[in-house]
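Hi there,

Here is the structure I promised to pass on. Have a look at it first, and my notes follow below.

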Amino acid sequence: MGGGAGEFIETERKYEAESGFVLPGLSGLAGVAAVSPPQTHELSAVYFDTGDFRLDGARITLRRRTGGTDAGWHLKLPTGVDTRREIHVPLGHSASAVPAELADRVSGWTGGQALQPIARLGTTRTLRSLTGPDGRILAEIADDLVTGSLPAAGGRDWQVAASWREIEVELREGSTGLLDAVAQRLQQAGAKQSAAASKLARLLDAGQVRKG
C-alpha cells in the first residue's frame with residue numbers, strides 16, 4: 001500500500017468480511033497512539049500472465065494499477081508466509097506492454113510465452129493508518145470492496161465474475177505482534193483469514209479459468 005517506485009518487502013494479511021461487517025476499534029493496541037481518519041480511493045488494476053497462468057501457478061502477481069497512492073506497475077514475488085518482494089515501476093505510456101525490466105524478472109517462469117491481460121479488479125478502498133506516539137505509521141488497514149472481471153468470449157471486453165469485501169492489514173514500521181493484535185480484533189468482530197493467496201487468486205478460483 002505504500003507509494004513510490006523501487007523494491008521492498010511487503011508484509012500483510014488478508015481477511016474475508018461480510019457486507020455488513022463493522023470494522024472494530026483499533027485504538028488501545030500496544031504501541032498504537034492514534035488511528036487516522038478514513039480516506040477512500042478508487043483503484044483499477046489489470047493483471048498480466050501467460051495464457052496457461054504460469055505466474056499464478058508460482059504465486060506471482062504482475063499488474064498495472066491506476067488510482068490511489070501507489071499507481072504503477074507492480075510485480076509481487078513470494079518470499080514467506082506473510083511476505084512478498086514487491087517491485088514497482090512507473091505507469092509509462094502503454095497500458096498493455098509490460099515494462100521490459102518486469103518481463104525480464106519473470107522470464108524464468110514464462111518460458112518465452114507472451115504476457116497478456118487475464119483479469120481486472122476494481123476496488124473501492126477505505127484506508128486507515130495506525131500510528132505510534134512519534135507519528136510513524138505502524139500499519140495500514142484497507143477495507144476493500146472489490147469487483148473482479150475476466151475476459152469475455154473473444155477477449156475484447158470484460159465480464160464481471162465476482163465481487164467481495166476484504167480487509168488487508170499491511171505492516172509498515174510496526175512489529176509482527178501488531179499484526180497478531182489486529183488479527184485478534186478483526187476475528188472477534190467476525191472477519192475470517194482469507195483462504196486465497198491474493199485477490200487475483202480469489203477471482204480466478206471464482207471464474208474457474210485456470211488450465212491444466
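D134 counts as exposed, at 52% relative accessibility (exposed means over 50% relative accessible area, buried under 20% and partly exposed in between, with a 1.4 Å probe and protein chains only). D134 is found in the loop between β7 and β8 (137–151); helices (H or I, at least four residues) and strands (E, at least two) are DSSP runs, numbered from the N terminus. Along the chain D134 and A33 are 101 residues apart, yet their C-alpha atoms are separated by 8.5 Å.

Before you read on, please note that this is a predicted model: local features need pLDDT of at least 70, side-chain atom pairs count only at pLDDT 80 or more, and totals for chains, interfaces and linings use all residues. Residues are numbered from 1 along each chain as its sequence is written, and side-chain values use heavy atoms, with hydrogens and water left out.

Now for some backbone angles. Most residues other than glycine have a negative phi. F53, in the loop between β3 and α1 (54–57), has a positive phi near 60 degrees, and F53 is buried, with a relative accessible area of 10%. R59 also has a positive phi, of about 60 degrees; R59 is found in the loop between α1 and β4 and counts as partly exposed at 44% relative accessibility. Q208, which follows α5, has a positive phi near 50 degrees.

Next, the aromatic rings. Rings of Phe, Tyr and Trp (its six-membered ring) pair if their centres lie within 6.5 Å; planes under 30 degrees apart count as stacked, over 60 as edge-to-face and the rest as tilted. The count by this rule is one aromatic pair. F48 and W73 form that pair, which is tilted, with 5.2 Å centre to centre and 45 degrees between the planes. F48 lies in strand β3 (residues 39–49) and W73 in strand β5 (residues 72–78), so the pair ties together parts that are 25 residues apart in sequence. Both F48 and W73 are buried.

On to helix α4 (residues 176–188). Its 13 residues reach 19 Å from the first C-alpha to the last, close to the 18 Å expected at 1.5 Å a residue (the expected span is 1.5 Å times one less than the number of residues). L178, L179, V182, A183 and L186 are the buried residues of α4. Seen down the axis of α4, these fall within an arc of 140 degrees, so they line one face of the helix; the arc is that of the directions from the helix axis to the C-beta atoms.

A volume is the space filled by probe spheres set on the points, with grid points joined across faces, edges and corners. The structure holds two cavities of 30 Å³ or more. In the largest cavity there is about 180 Å³ of space, and of its 22 lining residues Y47, R63, R65, E168 and K199 lie nearest the centre. β3 gives the most to this lining, with four residues.

Best wishes

Methods. 1 Å grid on protein atoms, 1.4 Å probe; cavity = no way out; pocket = protein on both sides within 12 Å on 5 of 7 lines; lining within 4 Å.
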